[in-house]
Amino acid sequence: MDNRQIGRFIAACRKEKGLTQRELGERLHVTDRAVSKWETGKGFPDISLIEPLANVLQVSIPELLAG
C-alpha cells in the first residue's frame with residue numbers, strides 16, 4: 001500500500017462528491033487536519049474508519065486500499 005497513492009485517491013473521490021475536507025471529517029468524526037494528512041500521504045485512516053470512509057466515498061474497501 002502506498003500512502004500517497006491512497007491519499008490522492010481519497011482526495012479525488014472526495015472532490016468528485018463535492019465534499020470539503022471539513023465535511024468529510026465531520027461525517028467520519030475526525031478533524032479536517034486528519035483528512036489532510038491522509039490526502040497528502042502523511043498519515044493513514046485508522047482501521048476502524050476504513051469501512052465508513054469507503055461508504056462515504058461510495059467505493060469498495062479493496063478499491064480504497066488499492067488507491
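R14 belongs to helix α1 and E39 to helix α3, so the pair ties together parts that are 25 residues apart in sequence. The model is predicted, with local features needing pLDDT of at least 70 and side-chain atom pairs pLDDT 80 or more, whereas totals for chains, interfaces and linings use all residues. Residues are numbered from 1 along each chain, and side-chain values use heavy atoms, without hydrogens and water.

**Salt bridges**
- The count comes to 3 salt bridges, including one between R22 and E26, whose closest N and O atoms are 3.6 Å apart.
- R22 and E26 are 4 residues apart in helix α2, and therefore separated by about one helical turn.
- K17 and E16 also meet in a salt bridge at 3.8 Å, N to O; K17 is partly exposed at 32% relative accessible area, while E16 is exposed at 66%.

- The buried residues of α2 are L24, G25 and L28, and they cover an arc of only 100° around the axis (taken from the directions from the helix axis to the C-beta atoms), which puts them on the same side of α2.
- The face turned away from the buried side of α2 carries the exposed residues R22, E26 and R27.
- Just after α2, H29 takes a positive phi of about 60°.

Key: Buried means under 20% relative accessible area, exposed over 50%, partly exposed in between (1.4 Å probe, protein chains only). Helices (H or I, at least four residues) and strands (E, at least two) are DSSP runs, numbered from the N terminus. A salt bridge is a side-chain nitrogen of Lys or Arg within 4 Å of a carboxyl oxygen of Asp or Glu.
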